[in-house]
Amino acid sequence: MFAYIVRRLLYAPLILLGVNLLTFALFFVVNTPEDMARMQLGAKRVTPEAIERWKVERGYDKPLLFNGAASGAASLTDTIFFDKSLRMFAFDFGRADDGRDIATEIRTRMGPSLAIAVPTFILGLFVTVSFALLLVFFRGSYLDFQGVVLCVAMMSISGLFYIIGGQWLVSKVWHLVPISGYGGGLDASRFLVLPVVIGVIAGLGGSARWYRTIFLEEAGKDYVRTARAKGLSELQALFRHVLKNGMIPILTGVVVVIPSLFMGSLISESFFGIPGLGSYTIDAINAQDFPVVRAMVFIGSLLYILGLILTDLSYTLVDPRVKLE
Amino acid sequence: MIDVQPVFLWTDLLLFGLIACIVLAAWRARRSEPMRAAWRRVGESTVGMTSLTILVLFLVVGLLDSLHYRPYLPPAKDGKVTADRGPLSTEVRSALDALAEPLRSRTEKTYSAPLAYVLFAKQTIEKSDGTQQREFPRLKFGGAGLQYPEEDHTGDVLGRIGLGLALAAGAWCLLAGGLVQVVAMSRKVPFGAAWRAVWRGKGGLAWRAVLVTLGLVFLLAGPVAVLAGEYHVFGTDKVGQDVLFLTLKSIRTALVIGTLTTLVTLPLAVALGIMAGYMGGWVDDVIQYVYTVLNSIPGVLLIAAAVLMMQVVIDTHPHWFETAAERADARLLALCLILGMTSWTGLCRLLRGETLKLRELEYVQAARAFGVSTARILSRHVLPNLMHLVLIALVMDFSGLVLAEAVLSYVGIGVDPNTVSFGTMINAARMELAREPMVWWSLMSAFIFMFVLVLAANLFADVVRDAFDPRAS
């Protein structure tokens, strides 16, 4: 298993290099720095000097991949690819277009993102699993049917409507919590309740239906029938056997998103005005702040790869029969 | 004879190409017994036929909106021009625009509530005697025929609803009669017997579900259609456009995104998936590496990066596009491609796994032993056995893509701001709930249409998956 993990860890930089090459191609080859400068400077009749100055300010005045003018190793390192893409492996993200250091910004914004993403994740898992288990307990009945219909209907509503509707009902009509904003310390909870609850509700339909099929499959297996035949009540059978074994695919399925919780949620953060990484990304997209988007792509892929490795590990942890090779 | 020049946008061609593919596939499926059996299972399911009916209705609206043309402007009046028609208009219209011409052209000044005859906001109006007064001004078009709106409005609306219901009932009877007649002729039974069989849901496809769904849709659409002749049934938006019209226009965008996205990347996913699964070795390694890389970039960010870059390309090459509609269409198609780039990996992995299994089956090994070429094995033995997965992926992805479009347009990386879509509608309507008094109608009509479309797609996808997936039963 140790060898397997080492191999996976060695594979990770290779994937990240691929990600980097792809973003590099997107950001610098499809559109040259000149195009970008012309767009950022706006006016149709920009002077070549203005473009040159813009490029020098941001360090785009170098060759893309190979610097023929420099000698030795510098011909590879004194390039845009090395400066802008490879430096990210050392978590050196450079500066955003507004001059702020991206790494510092990410560190300060991680907290609010986690404050909304972690409760949504844990509460959401708990609520959906409970709901799915409830449907399985009443399986084949009218309640089960209605529950599945409800799930499909909830799946068919865009997440935007949950947020808009929730803000309107809870904040505007009932005046229970502020519509948006964020505060430090305990004060933050006031602002976090609504996004978390809406996040849980918005994700309920799809996951609950999926979990229900997993539990149903488990509940039909022979060992559960044996347990019932031995005299276990339906509740005992559900909680001791079905829940335990059904959680294996569920947990291993959700492990992959755990590291990505750092990234926060794009939509709800910007709707609720929470200064996390999600709203940072959205702002960067709207302001066409490419260094920030590049940095977020890199971090996002890094966390996803971490999630994949964790998924593999979690298989062996929850199910001792699985052996990684 | 209306003198127009047809315009074929890329998405139009692809959409009609898709319809042609479906017809062709249906033709081929008739010959294959398992395919016929699977489709019969879909046809016998009440849910399947109900959702299919709804989807077909949406498709009709979307296709009408895909027949584009450019009208000629009226000839110049100064007498110098001898041609009998003027230059081409730069505005691209569709058959739907022509059918709903009153809805398109009758724009008010600003917001007005559904079925209203006055504007939503008070304005200062100068009276004929010179005094000024703040009141709700009458709409230019909504309820313009009413002479005494205070007294006549309710009666007029109710009368139109009644007329609409009557027309709907009549139309439904005609349609139902025609449909039952077709059933009767195909089964060679008298009309009455066919009617009873359909109504009791006996034998064959679930025609009763189709008729009931159509009946309900007609009962809703009839009054709306009659009312739309005089009023703005779903009100008007900020710049006075009819919300019902905007919602109908959104359908095409949703359909294009939902279907073309999977379609344009389908060849890639199928080819790479089969290659990786069948050939193995370094080919497999390379393909797996490519889709792991694509997969590991968070979807929204990859889309954002690609859309931002594409926007720069479009902005720096304005001469590529003759009209604004063509530019918007290029962006829509590019969005489909980009969305497809992030979603083909799932299907590719699925096909790779299935091909790995198929490769080891006896009949494939036998074919190989007989010296059948690889290309022939793939096309005759492997590909047909993967088609059900492709079909399931196509229908399962649809609803997710329609929902994704709304979110992306909100983030600002979706369709062109000039393209009407559910996303742009929601985005524009977002701040309207905060107004006092509240403007709710744009959001509501976008919600209703989007919900019905996605719900129908979800239900249909479930039925198709159950019918085609051999493991499901």
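Modeller: A nonpolar patch joins Val, Leu, Ile, Met, Phe, Trp or Tyr side chains within 5 Å, each residue having over 30% relative accessible area and no salt bridge. This is a predicted model in which local features need pLDDT of at least 70 and side-chain atom pairs pLDDT 80 or more, while totals for chains, interfaces and linings use all residues. Residues are numbered from 1 along each chain, chains are lettered from A in the order written, and side-chain values use heavy atoms without hydrogens or water.

Colleague: Which residues form a nonpolar patch on the surface?

Modeller: They are L134(A), F137(A), F138(A), L143(A), L235(A) and F239(A), with about 540 Å² of accessible area together (Shrake-Rupley, 1.4 Å probe).

Colleague: Why is the meeting of D462(B) and R209(A) called a salt bridge?

Modeller: The term requires a side-chain nitrogen of Lys or Arg within 4 Å of a carboxyl oxygen of Asp or Glu. The N to O distance between R209(A) and D462(B) is 2.5 Å, so the pair qualifies. The count between chain B and chain A is one salt bridge.

Colleague: What makes up the side of chain B that touches chain A?

Modeller: Its residues divide into 33 nonpolar, six polar (Gly among the polar class) and four charged (Asp, Glu, Lys or Arg). The contact (heavy atoms within 4.5 Å) takes 43 residues from chain B and 44 residues from chain A.

Colleague: How much area do chain B and chain A bury between them?

Modeller: They bury about 3800 Å² (accessible area lost on being put together, summed over both), 78% of it on carbon and sulfur atoms.

Note on methods
Buried area is the accessible area (1.4 Å probe) that two parts lose on being put together, summed over both. Patches are made of residues with over 30% relative accessible area and no salt bridge: like charges are joined within 9 Å, nonpolar side chains (Val, Leu, Ile, Met, Phe, Trp, Tyr) within 5 Å.
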